[in-house]
Structures are given as C-alpha cells and as structure tokens.
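Please view the sequence and the model first.

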Amino acid sequence: MTDFDPDFVSARADAYFKKTAAIVAENGDARVTYAVFLRSDAVAALDPAVAFLEAAYPSGADIPLAVERLAAEGAVTPSGKPLLYVTGSLIALAPLETLLLQRVGFACVSAFNAFAMCRALPASAFLAMEARHTTGDDMHLAASYGAAVGSRTARLMGARGFVGTSTDLAAPLFGAERGLGTMPHALIGYAKALMLRDGRDPAVESATLEAAKLYAARFPEEDGYTVLVDYDGREVADALAVCRWFFGPGGPAASGRTLAFRLDTHGGRHLEGLDWDESVRTLLKWTHRATPGEVAKLALAGLDLEELDGLSSDEIRDKILFGTGVTAAAVIFFRKALDDAGFKAARIVASSGFDTLKCRVFGNLSAPVDVVGTGSFLPSKLSRAYATADIVRYELPEGDGWRAFDLVKVGREYLKLG
C-alpha cells in the first residue's frame with residue numbers, strides 16, 4: 001500500500017467523516033469492520049474499488065487493512081447482501097468511505113444490467129456505446145468495467161456478450177487495443193454536403209452510399225464496414241443501394257469484406273416502408289399470432305412488474321413493438337427487405353434505447369439482430385447505484401488484544417458478521 005496525497009482524500013471526503021476521524025484520534029482509535037452493500041441486484045465488479053482502497057489506505061496506519069470479499073468478481077448478488085467486509089482503523093477508513101462507495105455502485109449495477117442484456121439476446125454481440133452519456137472518464141470507465149464483467153459472466157452461460165467499446169480509453173477492459181465503430185450521422189451529412197457542392201442531387205443519388213464509399217476509401221484495410229442508414233429516412237432504399245455497390249462487381253465483398261447496417265431510426269418516425277398497421281402485420285406474420293395482444297403477451301413473457309420499469313403494456317407496444325423508432329417490427333421488416341433482394345449476407349446492428357427491457361422483448365420475439373450497440377446498461381435510476389457502508393463491528397483495545405462490540409443501526413442487523 002502507498003499513501004495518497006492527503007489533500008486528494010481530504011478534498012473529496014465528506015466533512016462529517018473528517019470530523020469523526022478527528023474525534024476518534026483524540027479519544028483512541030478503534031478497529032472497525034464495514035459491510036459494503038447495494039440495495040439493488042448486482043454483479044460484483046469490485047476490483048477497481050478494492051485496488052483504490054488498498055492504495056489509499058495509509059501505509060503507516062497502526063491497524064492494518066483487511067478486505068474480505070463475499071462475492072467473487074462477476075458473481076450475481078441479491079439486493080442487500082454484503083459484497084465486502086472492510087476492516088481497519090476508524091481514523092483511516094472514515095475519510096475513505098465516500099470515495100470507496102463512489103467506485104462500487106455504478107460499476108456493479110452496470111455489470112448486472114449488461115449481464116441481463118447479454119442473457120436476453122445470447123446470440124447477439126454487444127458494443128458498449130455509453131461514453132457519450134457519461135459525465136467523464138471516471139463514469140465511463142466504471143460503466144465499461146461493469147459491462148465487461150457482466151459480459152464475462154453471461155459468456156460463461158453461453159452468450160456472445162460484449163465484443164468491444166467505442167473508445168480507445170476503455171478498449172483494454174474488453175481485451176482490445178482500440179475502440180470499435182465506423183460512421184456517425186455527421187459523416188453522412190458531410191457526404192451529402194460534398195454532393196451538393198458538386199451539383200449532384202442527393203434525392204437521386206444516395207448520400208449514405210457516398211459516405212460508405214468515402215469510408216471504404218479511407219479505411220481499406222478494415223475487414224468489415226457498418227453503414228448507418230437512417231440519415232435521410234430511406235433505410236431500406238439506401239441499404240439496398242449500398243448492397244448493390246458492395247456486393248457488385250469490383251465491390252468490397254470481392255476482397256472478402258463484410259457489410260452490416262446500423263439501424264438508429266429516432267422515435268419521431270417509423271422506419272421507411274412502415275406505419276403502425278404494417279408494423280402490426282409484420283409482427284403477426286413473424287410470430288404466427290392472430291392479434292396484437294397475443295404478440296404483446298409473447299413479447300412480455302417471463303417479465304415481472306419491476307422489469308417493466310413502470311411502463312404499461314400499451315407503452316411497450318408503442319415503444320418496442322409497433323411504434324416509431326427501432327422497434328422489433330422495424331428490424332424484422334428491414335431484414336426481410338434485405339433477404340428478398342438477395343442480400344442475406346448483410347448483417348444488422350441495432351441501436352437506440354436497447355436497455356434490459358428492450359433486449360428481453362427482442363429476445364422473446366427472436367428478432368434478427370446480429371449486434372446491439374448500446375449504452376443503456378447505465379443505471380436508468382441513479383438511486384439503484386447507491387452503494388452503502390455500515391460499520392457492523394467496533395473493536396476497542398483491551399490489554400494485549402481487542403474487545404469486540406457488534407453494533408449497527410436499527411434495521412441493518414442482517415449485515416452483522418457471522
């Protein structure tokens with residue numbers, strides 16, 4: 001263990017913890033044991049938190065630090081069960097409590113969400129795309145670490161899991177050197193601007209195809225290209241235009257390249273070729289059900305009320321099944337359009353709001369998604385990620401040893417040792 005700069009800890013510790021340490025220093029130190037836990041289901045993703053604690057705990061403390069892990073890294077743990085017992089000097093540990101908890105909750109809940117998502121769509125690969133939704137490096141790395149741990153647990157159960165992330169910073173957490181991804185909407189807008197500058201008509205030619213060609217020219221060494229297709233609201237037409245070039249004579253497919261399309265249609269409209277009625281017909285045919293209600297029943301099979309996240313069945317039909325955006329109907333309709341045109345080799349990457357619920361619904365319907373790009377393993381409610389620590393044992397010097405007092409605030413007796 002090495003000492004942190006005292007100013008680093010002091011600036012981040014809550015004032016009441018620093019005052020507690022000062023009082024204890026005047027009246028005699030105690031050896032204490034903290035129980036660290038979450039009030040929500042979690043997957044243990046604790047290595048960074050434990051490493052921080054071991055580094056930040058004063059190396060010169062008279063009472064050594066001891067950390068007992070009650071859950072192995074990657075283990076699924078129920079709400080309220082202690083994850084760690086941390087024993088050490090109350091003077092040293094009190095100022096570190098908040099800093100430790102900051103590194104526990106977010107990673108563990110992100111891990112649980114990623115685990116559940118991968119289990120819901122075991123045949124699909126996942127790409128972590130949460131960076132843009134985080135507040136900076138600390139949050140990004142905590143969430144990515146959680147996703148990597150949850151994914152590893154899901155892979156042990158047969159899921160493909162997360163294959164990477166969008167940033168170089170977090171890539172090593174997924175066993176990679178670089179972030180993954182190809183094009184945002186900005187590149188297609190740029191391609192469209194170039195076409196307009198050159199007097200070309202994007203209503204006749206495809207700006208999405210132009211962006212794909214620009215990408216292939218700049219990164220010819222890449223094994224595959226993923227093309228975003230919702231910029232002009234012509235997901236099907238633009239995808240087919242890209243396919244005809246890609247799989248045509250002299251196209252990238254001839255040199256072994258692969259092609260995927262990312263669906264990211266926003267919630268303000270249906271995918272090209274769909275409306276509510278056509279979405280219903282698409283899912284009735286896909287599921288071999290007779291009514292929209294039967295489709296919804298199949299989609300929600302096995303989900304309990306808590307997993308519905310407060311949504312009614314009508315809202316789920318609108319958001320995930322028949323409505324606007326990247327719905328189950330949209331993915332199935334798009335897959336059929338590619339297959340009917342003879343482009344079965346093209347794969348589908350789906351993004352836009354793929355949280356645990358949406359993954360569960362897509363899994364229940366066997367929606368044909370090859371890859372899910374998502375950052376929605378981030379805790380949807382921040383309060384779910386609140387980690388808590390309570391002291392469950394105080395030991396005071398007595399003779400040559402310690403006298404133990406098993407004390408905890410009323411209502412938390414279940415946390416006690418033994």
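The side chains of Asp47 and Arg69 form a salt bridge, with N and O 2.6 Å apart; the term stands for a side-chain nitrogen of Lys or Arg within 4 Å of a carboxyl oxygen of Asp or Glu. The model is predicted: local features need pLDDT of at least 70, side-chain atom pairs count only at pLDDT 80 or more, and totals for chains, interfaces and linings use all residues. Residues are numbered from 1 along each chain as its sequence is written, and side-chain values use heavy atoms, with hydrogens and water left out.

**Asp47 and Arg69**
- Helices (H or I, at least four residues) and strands (E, at least two) are DSSP runs, numbered from the N terminus.
- Asp47 is partly exposed at 36% relative accessible area, and Arg69 is partly exposed at 31%. Buried means under 20%, exposed over 50%, and partly exposed in between (1.4 Å probe, protein chains only).

**Arg200 and its partners**
- Arg200 forms a salt bridge with Glu205, the closest N and O atoms being 2.9 Å apart.
- Arg200 also pairs with Glu210 in a salt bridge of 2.9 Å, N to O. Arg200 sits in the loop between helix H8 (185-197) and helix H9 (207-218), while Glu210 is in helix H9, 10 residues apart.
- Glu210 is buried at 17% relative accessibility, whereas Arg200 is partly exposed at 27% and Glu205 is partly exposed at 32%.

**Network and total**
- Salt bridges with shared partners join Asp47, Arg69 and Glu73 into one network.
- The count is 18 salt bridges.
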